[in-house]
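Please look through the structure below before reading on.

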Amino acid sequence: MGRVNDASQLQLARVLRLLKRHAAQPTSFQILEPGYHYWFHASGDACVAYAKVLGARITVGEPVAAAEAMPEVVQAFVQDSERVGRRVRFFHVSEEFVRRTGLAATHVGEQPEWDPTEWQNTLDNARGLREQLRRARNKGVSTRTLATTAIIEGSPERLRLDALIRRWLASRGMHELKFMVLVHPFSFPEERRYIIAERAGELVGLAVAVPVYALKGWFVEDLLRDPSAPNGTAELLVDAMMRSFAQEGGRYATLGLSPLTGDVSPLLAFTRDTTARLYNFGGVRAFKEKLRPQTWQPVYLAYPQGELGPLALRDVLAAFAPGGLVRFALNTLIHQRTLATALLAILLVPWTVALALVDTGKWFPSAGVQYAWTIFDVGLIALLFALVRRWRPKLAVLAMWLTTADAVLTLLQALWWNVFTARTALEWALVALGVTGPLLAAVFFWTTRLVSLRTRMARMAVEGAA
């Protein structure tokens, strides 16, 4: 194990040297974070970082190489990938990269950019932004730079940061994503910049910037705000970062990609609009626009000519959700418990109407059983809508037990009665649906209960350690 770790550290040190020599893309430093594989060009002066998904390699931005060598490096990497039976997707690349390499491309969003030396002029011409900063300061929020020596694993400051990250992740509407948005701000800390926001001694925000060596600039990779932090906390962290960059004469800064914004395809625009309840694409764009960037640069997904853009997008999504898209969607529903409960309640309404109207002799042992099921489901619908209106733990526990009872009793009736009365394929499908629906609802409420208990235990552990 020691030899493996030593080899890994040597490889990362080699990548870091290449970054300091060539890296001009904002996200380039992210290739040093966990979970990536590295391919080195035969020249020894270029590398590609990528994630593996089924049948594909998804690059972490552009290759780390001299600009004039980029076409040759890309061609060699594509050929190597084809040799091992892998498709290639270059994710988060620039318009210039697409032009140089001749690859096909899909526009996936835009990236704001600032000149930190112009930040004070930006503030002077942005009254709303100044008001946000004033509001946060009036609420007692202050910022300070954190020394890298203070974030050693197990230190009190590191424990506070870890707790903030957990609280921030728990407040997100989606299950945690991987790949280029994984929150992991502690690798190579000596190269990063950390600024924290505090209020009355409590940690309420964190900003972490990583270098863009060739541009002598910075990418604010992580901008985390505690759910209880006053309005303006995130803006205050950005203000502190920009002033810090400007003091050093830095001429470049970015907050990273605003996904699915700008001139995206109709498919991506439809995705953005239909998933707004899960991820606020417009809100991310609006926050960055409020900070008055000097420019917005388009960002692309590139792939070999002749391949289909939707297939390339699917591969990239698989990298962000390595457990599978179906599993990711289910985990997201657990995080979006109110939305999932609303869907269950809405679907249960027509099912209950059907229960009340179907032929008693075919579907129920007696009219009394039919009436009992109808009354039970009406009560369950009322309970679910009460949870949608306001989530209360006691009501959630009651829903958990009622849906469990529903699943068990439905299965018993199906085995005792419906397997003998069902004849056609449609009737068998309805029996299966009647058994599966309550089971899924029970699994959902049991899972939300377990997530709630784990969150509470983690919070208690953090408070005990503090």
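At what angle do the axes of helix H5 and helix H7 cross, and within what distance do they come? The axes of H5 (residues 127–138) and H7 (residues 233–247) cross at roughly 105° and come within 8 Å, where an axis is a line fitted to C-alpha atoms, for helices over the stretch in contact, and the angle runs from 0 to 180 degrees between N-to-C directions. This is a predicted model, in which local features need pLDDT of at least 70 and side-chain atom pairs count only at pLDDT 80 or more, while totals for chains, interfaces and linings use all residues. Residues are numbered from 1 along each chain as its sequence is written, and side-chain values use heavy atoms, with hydrogens and water left out.

**The protein as a whole**

- The protein has 16 helices and 12 strands; helices (H or I, at least four residues) and strands (E, at least two) are DSSP runs, numbered from the N terminus.
- Of its 466 residues, 46% count as buried, a word that stands for under 20% relative accessible area, whereas exposed stands for over 50% and partly exposed for what lies in between (1.4 Å probe, protein chains only).
- The protein exposes about 23,400 Å², and carbon and sulfur atoms supply 61% of this area, which comes from the Shrake-Rupley method with a 1.4 Å probe; for residues, only the protein chains shown count as cover.
- Among contacts (heavy atoms within 4.5 Å) with a separation of 6 or more, 72% are between residues 24 or more positions apart.

**Helices H5 and H7**

- Sorted by class, the contact of H5 with H7 has four nonpolar, two polar and three charged residues; here Ala, Val, Leu, Ile, Met, Phe, Trp, Tyr, Cys and Pro count as nonpolar, Asp, Glu, Lys and Arg as charged, and the others, Gly among them, as polar.

**Helix H14 and its partners**

- Helix H14 (residues 367–389) packs with helix H15 (residues 393–421) at an angle of about 150°, and their axes are 11 Å apart.
- That angle makes H14 roughly antiparallel to H15, and the crossing of the two is left-handed, which is the case if the near helix is turned anticlockwise from the far one by less than a right angle, whereas clockwise would be right-handed.
- The contact of H14 with H15 involves residues including Trp373 and Phe376 of H14 and Leu402 and Asp406 of H15, and by class it has 13 nonpolar, three polar and two charged residues.
- Helix H12 (residues 337–357) also packs with H14, at an angle of about 160° and with the axes 9 Å apart, so H12 is roughly antiparallel to H14.
- The crossing of H12 and H14 is left-handed, and by class their contact has 18 nonpolar, five polar and one charged residues.
- Phe385 is a residue of H14 that counts as partly exposed, at 36% relative accessibility, and, not counting residues up to four places away in sequence, Phe385 touches Ala345, Ile346 and Val349.

- Most residues other than glycine have a negative phi.
- Phe188, in the loop between helix H6 (156–171) and strand E7 (193–199), has a positive phi near 50°, and Phe188 is buried, with a relative accessible area of 17%.
- Ala200, in the loop between E7 and strand E8 (202–212), has a positive phi near 55°, yet Ala200 counts as exposed, at 79% relative accessibility.
- Val64 lies in the loop between strand E3 (56–60) and helix H2 (70–83) and counts as buried at 4% relative accessibility.
- Val64 and Leu19 are 45 residues apart along the chain, while their C-alpha atoms are separated by 6.5 Å; leaving aside neighbours within four places in sequence, Val64 is in contact with residues including Leu18, Leu19, His22 and Cys47.

Note on methods
Parallel < 35°, antiparallel > 145°, perpendicular 65-115°, else oblique.
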